[in-house]
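Please look at the chain shown below and consider how its parts meet. The paragraphs that follow examine the boundary between them.

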Amino acid sequence: MLFNSLDFAIFLPIVFLLYWFVFNKSLKLQNALIVVASYTFYGWWDWRFLALILFSTIVDYSIGVALSKGKNQLKRKILLWVSILINLGFLGFFKYYNFFLDNFIEAFSLFGTKIQANTLNIILPVGISFYTFQTLSYTIDVYRQNLKPTKDFIAFSAFVSFFPQLVAGPIERATNLLPQFYKKRVFKYNKAVDGMRQILWGLFKKIVIADNCAQYANIIFNNSDDYSGSTLVLGALFFTFQIYGDFSGYSDIAIGTSRLFGFDLKQNFAFPYFSRDIAEFWRRWHISLSTWFRDYLYIPLGGSRGPKWNQVRNVFIIFIVSGFWHGANWTFIVWGALNAIYFLPILLSGKNRNNLDVIAQEKYLPNLKELGSMLVTFSLTVFAWIFFRAENMEHALSYTFRIFSKSLLNYPVFEKDDSAKLILLLIVLFIIIEWLGRRHKYAIEQLGSNWNSMFRYTMYLIIILLLFWFGGNDQQFIYFQF
Amino acid sequence: MKKFILKSVFFIAPFLLMYLLNVIYYYPIEGDLARIGYLYSKKGATEDAFKDLYIEKKYTTFSELNLNTKNNFDILTIGDSFSEQEAKGYNNFLANNFSVLHMDRFLSENPIQKLIELINGDFFHMNQFNYVILQSAERLFVQRTENIELSKITDIQTLKYSIANRTNSFSKLSSSFFSDATLKIPLTNLQYLIYDKPTFSKTYNVKTNGNNLFTGKKNNLLFFEDDLKFLVHKNDSSRISKSNVLINRISQLLEEKNIKLLLLISPDKYDLYYPYIKNKDKFKTPLFFNYYNDLSKDYLYINSIEILRNELNVNKNVYYFNSTHWSPIGAKAISLEINSILMN
């Protein structure tokens with residue numbers, strides 16, 4: 001079920017009303033309702049893969065219980081590795097089997113050995129990368145004794161399958177989300193209104209910005225050989241806003257929906273395109289994944305401690321693994337490696353924690369230095385997105401080479417460029433609103449909070465009208481494929 | 001909680017209601033005028049008058065043909081959507097008395113240009129006919145005869161390739177909830193209460209002084225905005241006569257292959273029903289057929305507007321109410337006239 005569909009528009013109020021009016025007498029019942037609603041939400045796409053979620057839930061619940069009983073360190077370690085192998089085994093099979101097989105065949109063929117092996121027609125279960133990491137975080141935290149294992153199977157099932165963030169995150173930590181299933185939730189008007197506001201802004205990002213940018217990004221990327229360098233730059237820019245609108249929009253809807261049910265999820269995007277360096281960008285982009293890798297991979301590897309060589313190695317590992325997490329394609333690996341290359345000089349010069357605050361914190365506009373560093377970081381990011389979006393490495397390289405040609409100075413021309421001008425204007429408006437709201441959790445959190453309610457409601461109504469006016473170009477959420 | 005629900009309903013309910021109205025009353029697959037005009041209509045309105053009639057398609061379409069053998073037919077039809085009405089089309093009525101092959105529309109975007117290309121290629125060596133019926137909608141006829149490439153060729157191989165690589169290019173109106181149609185459809189239907197043609201509609205809805213034009217619709221006429229817009233081409237006598245020169249030339253080329261050409265121009269709904277429009281002040285007189293009928297022709301010609309006007313005197317629903325196309329009544333009347341010409 002898609003957040004931007006009529007199905008969800010009907011599903012959400014039904015679950016909301018049952019949750020607060022029918023099942024509100026008992027916490028257990030409310031949690032059970034969340035499990036049923038979540039399985040319905042997921043099964044709407046493909047019910048067969050519900051078995052996978054259920055299996056993952058049972059395995060990690062049981063291992064959690066076993067970890068709490070086991071005092072023997074070796075036994076505990078074995079249990080942890082059983083969980084890791086099962087979870088990553090599923091992920092590896094569904095997501096990476098064909099990739100590894102193809103690359104082995106190709107590698108052996110370089111040495112003149114032909115291997116006969118058939119790739120499998122595997123469907124990637126939606127959201128597997130997200131809920132796998134979420135359950136893994138539980139087992140690791142229980143193993144590290146940062147979290148007491150739950151004995152409430154329903155609450156744990158609800159934590160694993162919680163429908164607002166099941167298929168595309170944010171990847172919640174058990175330490176944050178699971179305890180919320182133990183406490184009685186009370187309906188709070190302000191929290192619910194805030195949730196609705198965040199859902200509205202998430203829909204705007206997805207439907208108005210991302211889906212419209214996608215049209216033009218698709219035209220330009222799919223026919224990149226026909227266009228000038230300047231048009232290809234425009235294509236990369238469209239994709240830059242598409243992926244941000246798409247993914248952060250999804251996160252906003254997920255967080256907002258959770259708030260309607262009394263839950264608080266962590267912020268997943270914090271205005272990353274206003275970052276002054278790439279380290280800041282990664283503190284602001286897909287925060288739940290970045291911090292996951294930081295806590296469960298980067299720090300155990302030694303992080304930024306130890307000899308320089310180890311620091312370089314750790315940075316490359318974390319960025320390449322992060323790229324590979326997105327998909328079984330060399331383009332994602334190169335995208336990760338590019339970000340590692342951007343990041344290294346900052347880390348090695350000890351400037352990776354220079355920009356911890358919000359840009360132009362107390363001002364309306366950035367100073368020249370801030371503007372310059374923001375534009376450089378943005379340009380580096382746009383360049384890296386080319387590899388993320390390209391079909392394969394050959395496409396990415398040809399796209400890049402065409403950009404750096406004489407035609408870079410031509411006026412960008414492509415099919416539908418007239419209608420694209422309107423979307424570019426909308427992007428400008430979007431950037432302004434995001435800039436004004438950059439100190440908050442999402443752009444319109446406080447926008448209009450001092451206004452007369454009539455004006456504020458008019459603003460919401462205008463946003464709703466824009467959703468319809470610029471809607472209809474439905475695109476699948478990009479992160480569903482990850 | 002109550003306040004929250006009320007506020008949410010205030011923002012969401014109107015849009016859900018509009019969407020529901022659209023789901024219930026808007027049928028994008030019903031007549032083209034209802035679709036492009038965002039008009040609410042009754043389900044099955046287009047077909048009601050002809051329910052269960054004419055369900056068997058008897059003519060052959062080119063893409064169904066075995067292209068590796070020689071084929072013989074009495075008639076080849078080539079044209080636009082008026083020639084692709086399946087069992088309810090004029091060519092299907094003709095198929096009762098003749099063997100008819102129809103050149104698929106997706107292979108012949110401009111049927112006039114395509115016919116010339118087929119004449120230049122091997123098509124008429126591989127397929128034999130006594131007659132070619134060249135059909136075009138009136139509003140596009142003049143433009144279709146301009147900028148013609150007389151030496152261009154389409155051979156059977158090219159046609160085979162196009163058939164193999166056929167793609168569906170129908171533009172789809174978004175049916176998703178978050179779509180401009182959710183707003184435009186109700187807004188347009190409201191505007192129709194005041195205007196002949198609302199802002200986002202491409203369909204005029206005007207009053208007529210005839211009470212018996214369509215079943216159930218006492219005195220309304222829908223027609224396509226291009227019927228009116230294209231008067232600039234349709235009322236230009238010099239361009240019209242140049243069109244006729246080209247058709248005469250095509251007829252000569254076909255004569256060389258012992259094939260007779262018959263031209264069928266499908267009248268625009270606006271032209272056909274113009275005498276019935278109540279308030280003519282806003283609408284220019286259509287003159288296309290006045291000019292074209294008087295021109296000297298070396299080919300067979302159907303005076304379609306006269307046949308259909310005669311039909312209007314005795315029948316309702318000669319054209320569909322919510323479509324730009326003639327109904328089986330109109331198609332049958334046309335086919336009877338063609339029949340009598342070809343039989344003589």
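How many residues of domain 1 of chain A are in contact with domain 2 of chain A? The model is a predicted one, and its chain A is divided into domain 1, residues 6-185, and domain 2, which consists of residues 191-276 together with 355-481. The C-alpha centres of these two domains of chain A are 29 Å apart. Across the boundary, 25 residues of domain 1 of chain A are in contact with 17 residues of domain 2 of chain A.

The extent of such a boundary may also be expressed as an area. The size of an interface is often given as the accessible area lost when the parts come together. Domain 1 and domain 2 of chain A bury about 1,900 Å² between them, and 71% of this area is on carbon and sulfur atoms. On the side of domain 1 of chain A, A:Pro164, A:Ala168 and A:Pro170 supply 25% of the area buried against domain 2 of chain A, more than any other three residues.

The polar side of the picture may be considered next. Between domain 1 and domain 2 of chain A there are zero salt bridges, whereas four residue pairs are in polar contact, both residues being at pLDDT 80 or more.

Which helices contribute at least two residues each to the side of domain 1 of chain A that touches domain 2 of chain A? They are α1 (6-22) and α7 (174-177) of chain A. The largest share of this side, six residues, comes from α1(A). Sorted by class, the side of domain 1 of chain A that touches domain 2 of chain A has 18 nonpolar, five polar and two charged residues.

Conventions:
Residues are numbered from 1 along each chain as its sequence is written. Chains are lettered from A and ligands numbered from 1 in the order in which they are written. This is a predicted model: local features need pLDDT of at least 70, side-chain atom pairs count only at pLDDT 80 or more; totals for chains, interfaces and linings use all residues. Side-chain values use heavy atoms; hydrogens and water are left out. Domain bounds come from an automatic or database domain assignment. Contact means heavy atoms within 4.5 Å. Buried area is the accessible area (1.4 Å probe) that two parts lose on being put together, summed over both. A salt bridge is a side-chain nitrogen of Lys or Arg within 4 Å of a carboxyl oxygen of Asp or Glu. A polar contact is a pair of N or O atoms within 3.5 Å; within protein, one must be able to donate a hydrogen and the other to accept it, and residues adjacent in sequence count only if both atoms are side-chain atoms. Helices (H or I, at least four residues) and strands (E, at least two) are DSSP runs, numbered from the N terminus. Ala, Val, Leu, Ile, Met, Phe, Trp, Tyr, Cys and Pro count as nonpolar, Asp, Glu, Lys and Arg as charged, and the others, Gly among them, as polar.
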